[in-house]
Amino acid sequence: MFFVRSRLVASALVLTLGLPAAAESPRASDAPERAPSGLYGHRYAFVAGGVLLLGGAGFGYLAQGESNRARTLSSARESTAALDRARAHAATANVLYAVAGVTVVYGLVLELLPEPAAEKASLTFRF
């Protein structure tokens, strides 16, 4: 009889020896297909839009902070540099807001289209 003193090694052996048998078990062909749970491929557009929106809010917050900082500086050179950084952060925030809007609209279009048309218009990769 084979004895193993460690529980970790024993559980690894059980899983390793049990995996080939589980992989070889035939799947019933007459079983109904289950719908995939969780996020569908086109619903990732909503998640990406939310992340981009949060990024835009972050850059907007940084732009506002730099603008307020520029008001308190006494040196014209430092104030100009702070305003330039504020403008750059504001421009980045505006671009992120625009991309977030386009992404959410794309997700809505895919959500409202019929399933075959949505699959053709989807940008997901299939291997």
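Two residues are in contact when heavy atoms of one lie within 4.5 Å of heavy atoms of the other. In this predicted model, S79 is in contact with A70 and L73, leaving aside its neighbours within four places in sequence. S79 is found in helix 3, which covers residues 76-112. With a relative accessible area of 15%, S79 is buried, because the cut-off for buried is under 20%.

Next comes the pairing of helix 2 and helix 3. Two packed helices are described by the angle between their axes and the distance between the axes. Helix 2 spans residues 44-72, and its axis comes within 7 Å of the axis of helix 3, with a crossing angle of roughly 165°. Helix 2 is therefore roughly antiparallel to helix 3. Their crossing is left-handed. The residues of this contact comprise 22 nonpolar, 10 polar and 4 charged.

Charged side chains are the last topic. Side chains of opposite charge can pair when their charged atoms come close. The model has 3 salt bridges. One of them joins R85 and E66, at 3.3 Å from N to O. R85 lies in helix 3 and E66 in helix 2, so this pair ties together parts that are 19 residues apart in sequence. E66 also forms a salt bridge with R69, with the closest N and O atoms 3.8 Å apart. E66 and R69 are 3 residues apart in helix 2, which means about one helical turn separates them. E66 is buried at 17% relative accessibility, whereas R69 is partly exposed at 37% and R85 is partly exposed at 36%.

Note on methods:
Residues are numbered from 1 along each chain as its sequence is written. This is a predicted model: local features need pLDDT of at least 70, side-chain atom pairs count only at pLDDT 80 or more; totals for chains, interfaces and linings use all residues. Side-chain values use heavy atoms; hydrogens and water are left out. Helices (H or I, at least four residues) and strands (E, at least two) are DSSP runs, numbered from the N terminus. Buried means under 20% relative accessible area, exposed over 50%, partly exposed in between (1.4 Å probe, protein chains only). Axes are lines fitted to C-alpha atoms, for helices over the stretch in contact, and angles run from 0 to 180 degrees between N-to-C directions. Angles under 35 degrees count as roughly parallel, over 145 as roughly antiparallel, 65 to 115 as roughly perpendicular and the rest as oblique. A crossing is left-handed if the near helix is turned anticlockwise from the far one by less than a right angle, and right-handed if clockwise. Ala, Val, Leu, Ile, Met, Phe, Trp, Tyr, Cys and Pro count as nonpolar, Asp, Glu, Lys and Arg as charged, and the others, Gly among them, as polar. A salt bridge is a side-chain nitrogen of Lys or Arg within 4 Å of a carboxyl oxygen of Asp or Glu.
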